Amino acid sequence: MHVHIKKHFAHYFTAAGITTIRNTAGSVIELQPFMIAPSNSSEPRVISADRMIDGPPGLWGEDSPYNLNVSDEDAARKEVQRQVALGTDFIKIYGWLEPEFMKVVVDEAKKFGKEVSCDILHSKKVNAIDAANFGIDWLEHCSGMIQAMYPQWTMDASEDIWNQIPWDNPNEQKIQELCELLLQKGTKLCPTLVLYDQMRLAENYWTFKHPIIQHIENSTHLFQHWEPAAQQKSGQKYFGRQVKTIQKIAYTYFKMGGVVVPGTDTPAGIYTYPGMALHRELQLFVEAGFTETEAIQQATMSAAKALNIDNLGMLKENYLADILILNRNPVENIEHTTDINQIIKGGTVYTPQQLIKAVPTEEEMTIYTNELVVKFKELQLV
């Protein structure tokens, strides 16, 4: 429910039993083949936002096919209109966008019946309550919630301020009060626990012997940024300190009846293995207090409901035949979700080995990327 998919690692998702993904910012131009593919395609079906709408100078740099920095109302409205015309499924806001323009984006998106998602981890002006009051539907990474509980805190706050927050013993009263306010607004949460936890673990990151993980690690050209990032312990330490608080928030909100769905932010952070990271996310859900059954439900029926898809996520007549067949019972142990026998997507049966073999080669991806750059240039996006 939170990834940034690319063609060169798309098949890893289906090999891991993930048949549908929610792409939280990217390029609809690039992803349209996924978005219109047949239901039984070997790659995952994609629900996607277009480029994220941020404020200058932009956390991810200058304007590109993947991000736009907006500094006036007219530009905000026009970008929403452009994305809607392009076929975006929802709109994604980033944390450096000024509050007044966040309101404009939400207002324009609602005219077209589009939900709005936000990542406000790095915002210094907007917290989760503000976002909910603006009408933003989704809080990615549970972002803005810690700012709402501790207004003096931001991601680049001093070490002294970081140390004032009880990260390992979260304040349950503050969390309860915050969740009650968000519940009134119907806000949806995607905590991406594995993103935080892998950063916390740094060079001791979660991994295990699995054919998908081994194939990913042998394809060194795919994720060269992970290893050096893992070695930067001090930088990861602060980001990862949030994980227990985010776990408590996620479980509290779920028990209150709020929408909480698993995501990973693959390939962001470190070692957020495409597909396999979601299995780790489910383990972290269980660690947070969810039962095995509840964790699985959040990744299937609850995720489909959150996307307003009414024929996916359950074994039911007239629903899409997306079925993950395991060798061992995951209700007994959530780690058994990784023991995959077969994947059925849209009624077509695949094995993990078949899907791993379908991962494009480096040469194939070079050709594909060059063609994509030409298309972006033609559309004046680069």
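How many salt bridges does the structure hold? The structure holds 20 of them, where a salt bridge is a side-chain nitrogen of Lys or Arg within 4 Å of a carboxyl oxygen of Asp or Glu.

1. Basis of the note. This is a predicted model, in which local features need pLDDT of at least 70 and side-chain atom pairs count only at pLDDT 80 or more, while totals for chains, interfaces and linings use all residues. Residues are numbered from 1 along each chain as its sequence is written, and side-chain values use heavy atoms, with hydrogens and water left out.

2. The salt bridge of aspartate 322 and arginine 45. The closest N and O atoms of this salt bridge are 2.5 Å apart. Because aspartate 322 lies in the loop between helix 16 (301-306) and strand 10 (323-326) whereas arginine 45 belongs to strand 2, the pair ties together parts that are 277 residues apart in sequence; helices (H or I, at least four residues) and strands (E, at least two) are DSSP runs, numbered from the N terminus. Aspartate 322 is buried, with a relative accessible area of 16%, and arginine 45 likewise counts as buried, at 15%. Here buried means under 20% relative accessible area, exposed over 50%, and partly exposed in between (1.4 Å probe, protein chains only).

3. The salt bridge of lysine 188 and glutamate 115. The side chains of these two residues meet at 2.8 Å, N to O. Lysine 188 is in strand 8 (residues 188-190) and glutamate 115 in strand 6 (residues 115-119), so that the pair links distant parts of the chain, 73 residues apart. Lysine 188 counts as buried, with 11% relative accessibility.

4. The salt bridge of glutamate 172 and lysine 248. In this case the N to O distance is 3.6 Å, and the pair ties together parts that are 76 residues apart in sequence, since glutamate 172 lies in helix 8 (residues 172-185) and lysine 248 in helix 13 (residues 243-255). Glutamate 172 counts as exposed, at 52% relative accessibility, whereas lysine 248 counts as partly exposed, at 28%.

5. Helix 2 and leucine 86. The buried residues of helix 2 (residues 28-35) are Val28, Ile29, Glu30, Leu31 and Phe34, and they pack against helix 1 (10-15), strand 1 (20-23), strand 2 (45-48), helix 3 (73-86) and helix 18 (362-378). Leucine 86 lies in helix 3 and counts as partly exposed, at 28% relative accessibility. Leaving aside neighbours within four places in sequence, leucine 86 is in contact (heavy atoms within 4.5 Å) with Val28, Ile29 and Asp50. The C-alpha atoms of leucine 86 and isoleucine 29 are separated by 7.7 Å, although the two residues are 57 residues apart along the chain.

6. Nonpolar cores. A nonpolar core is a set of buried Ala, Val, Leu, Ile, Met, Phe, Trp, Tyr and Cys residues joined through side-chain atoms within 4.5 Å. The largest has 98 residues, and those with the most contacts inside it are Ile5, Ile93, Leu139, Met145 and Trp153; helix 14 (residues 276-288) gives the largest share of this core, 7 residues. Apart from this core lies another, of 8 residues, among them Met1, Ile47, Ala303 and Leu307.

7. Strand 10 and strand 11 (residues 340-345) run antiparallel and are joined by 4 bridges, two strands being paired if DSSP finds at least two bridges between them; isoleucine 325 stands opposite glutamine 342 in strand 11. Strand 11 also pairs with strand 12 (residues 348-350) in the antiparallel sense, over 3 bridges, and the bridge partner of lysine 345 in strand 12 is threonine 348. The hairpin of strand 11 and strand 12 has 2 residues between the strands, and glycine 346 there takes a positive phi near 55°.

8. Threonine 266. This residue lies in the loop between strand 9 (259-260) and helix 14, and threonine 266 counts as buried, at 0% relative accessibility. A polar atom of its side chain lies 3.0 Å from the backbone oxygen of threonine 272. Beyond residues up to four places away in sequence, threonine 266 touches His2, Val3, His4, Phe9, Phe13, Thr272, Tyr273, Pro274 and Ala277.

Definitions and conventions: Polar contact = N/O pair within 3.5 Å; in protein donor to acceptor, adjacent residues only side chain to side chain.
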